[in-house]
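Here is a quick briefing for anyone opening this structure for the first time. Take a look at the model, then walk through the points below.

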Amino acid sequence: MADTFSTHPGQDPTVQDLLAARPALSMHAIDGLVFEDVPLNAIADALGTPTWVMGARTLRTRYHRLDRAMRDAGLDVDIHFAVKANDHLAVLKILRAQGAGADVVSGGELRRAMAAGIPANEIVFSGVGKTRAEMELALHHGIARINVESAEELELLSAAAVACGRTAPVALRINPDVDAGTHAKITTGLAGNKFGIPYDRAVDLYARAASLPGIHAAGIAVHIGSQIERMQPYRAAYARVAELVRAIRARGLGVEVIDCGGGLGISYRHETEGAPEALAHAIRTELGDLGTRLEIEPGRWLAGPAGLLLSTVVLRKRGYDGMPPFIVLDAAMNDLARPSLYDAWHGIIPLSARDAVAPAEQVHVVGPVCESGDTFGHDRTLPRLHDGARVALLDTGAYGMVMSSTYNARAMAAQVLVDGARWDVIRARQKIETLWECDIIPETLTRPAGAE
Ligand SMILES: *Cc1c(COP(=O)(O)O)cnc(C)c1O
């Protein structure tokens, strides 16, 4: 049996390793696992599980580190939070209060961001398939900018803007054909991806944008993927952007703004967290002397480590023929989809201090949904978890709750905001009846049998 307290390269981090790398989490003999200053058992006692928890102080701390890194590099960079990572109004309000704008990818996200008090003129609209209605919504509210992802979209936007008598400030999102070195499902800057405008068509398309009615060609945007650990892909992409800006200017056209995208990675397991200071350095080195305004659009880096998912062990199912037992949780892939979607690894820590020091064993951690993909951890070495033990799944603040579904008629989990020593429910657990609220039964099915 593996020893929980030793670290071997290539092996999973232990409970101690996970805690040591996460300053907002600590284990206490009586209170158990504490997030910021709140014992997580108190939340689970009050609300049950599964329950999401976000940390306000953690969010602020991370925002300030990012902001400071940019300032320390001598850069004036606008930070637009990628709303798709976590669109809860409370999260958006916290980031807004620190100075964040927003990056949105749908009309719904635009409305959410505005509902949280982020003015449209600090919101950028990205995405490969904006509808006419979404374009009109954005223009009507005076959106800061629309990042256009294709020649076709540019023409549609021009027509939409002319029709509603507005001018759309536009950046062309270019595809720099750079491999971000991340998971295939979250890499976006390769020529074969659906995202962005092919690099070698960008100058001509920029000229076209500058000539179209209803369009103000304002700049260039690039976003090469998510969970990026190394700076080399950023530098390569930014170097190509700089080259492009010079080529566009050589044609006599203006470039006012460069949107440097998001993608900075975090440490779920053994990864090195992307350092904001290194990103700032890459931006300054490659783009700092072009005299444009600069923006970034981080999502995961800001919100990921600020969130947890609390869950309870429903039962232990014996493994057959010497296979590891299954630890069946009350959380499932409908709550946290990342493991089933991207084979993502999330740390798992018991909420009770006693459970945390139980002898380690090899287990599979799964949810109750009727899919083999509903697995949170394969061959995990964890302290032995008994029926009813509670655990926290770590680093679920980004691409967590937002990807939840109600598959298997499972209600959306409750959500709590911790802020130092206080906590508040920020989303009630969904009532089961609301799942079929919008179902409509055709009248023919409600007539008594035989009636005509
Ligand atoms: C998803 C996305 C982001 C944020 O990505 P993170 O990896 O969460 O930082 C930023 N910009 C665009 C255009 C995106 O699609």
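This is a predicted model: local features need pLDDT of at least 70, side-chain atom pairs count only at pLDDT 80 or more; totals for chains, interfaces and linings use all residues.

P50 sits in the loop that runs between α2 (40-47) and β4 (51-55).

**Another backbone spot to check**

- Q227 is not a glycine, yet its phi is positive, at about 60°.
- To find Q227, go to the loop between β11 (215-221) and α9 (232-250).

**How the chain is divided**

**The largest pocket**

- The largest pocket holds about 640 Å³ of space.
- Its lining is made up of 33 residues, and those nearest the centre are K84, T188, F195, H223 and Y399.
- Sorted by class, the lining of the largest pocket has 13 nonpolar, 11 polar and nine charged residues.

**The second largest pocket**

- In the second largest pocket there is about 470 Å³ of space.
- A total of 20 residues line the second largest pocket, with A21, R22, P23, R62 and P305 nearest its centre.
- Two elements, β1 (25-28) and α3 (56-72), each give two or more residues to the lining of the second largest pocket.
- Which element gives the most to that lining? That would be α3, with five residues.
- By class, the lining of the second largest pocket comes to nine nonpolar, four polar and seven charged residues.
- Both domains take part here as well: domain 1 (15-55 + 304-435) and domain 2 (56-303) each supply at least three residues to the lining of the second largest pocket.

**A pair of packed helices**

- To describe two packed helices, you give the angle between their axes and the distance between the axes.
- For helix α5 (residues 107-115) and helix α6 (residues 132-141), the angle is about 25° and the axes are 9 Å apart.
- Angles under 35 degrees count as roughly parallel, and α5 and α6 are therefore roughly parallel to each other.
- Where do the two helices meet? On the α5 side, look for G107, L110, R111 and M114, which meet E134, L137, A138 and H141 on the α6 side.
- By class, this contact of α5 with α6 has four nonpolar, two polar and two charged residues.

Definitions and conventions
Residues are numbered from 1 along each chain as its sequence is written. Side-chain values use heavy atoms; hydrogens and water are left out. Axes are lines fitted to C-alpha atoms, for helices over the stretch in contact, and angles run from 0 to 180 degrees between N-to-C directions. Helices (H or I, at least four residues) and strands (E, at least two) are DSSP runs, numbered from the N terminus. Angles under 35 degrees count as roughly parallel, over 145 as roughly antiparallel, 65 to 115 as roughly perpendicular and the rest as oblique. Contact means heavy atoms within 4.5 Å. Ala, Val, Leu, Ile, Met, Phe, Trp, Tyr, Cys and Pro count as nonpolar, Asp, Glu, Lys and Arg as charged, and the others, Gly among them, as polar. On a 1 Å grid over the protein atoms alone, a cavity is a set of points where a 1.4 Å probe fits but cannot get out, and a pocket is an open set with protein on both sides within 12 Å along at least five of seven lines; lining residues have an atom within 4 Å of a point. Grid points are joined across faces, edges and corners, and a volume is the space filled by probe spheres set on the points. Domain bounds come from an automatic or database domain assignment.
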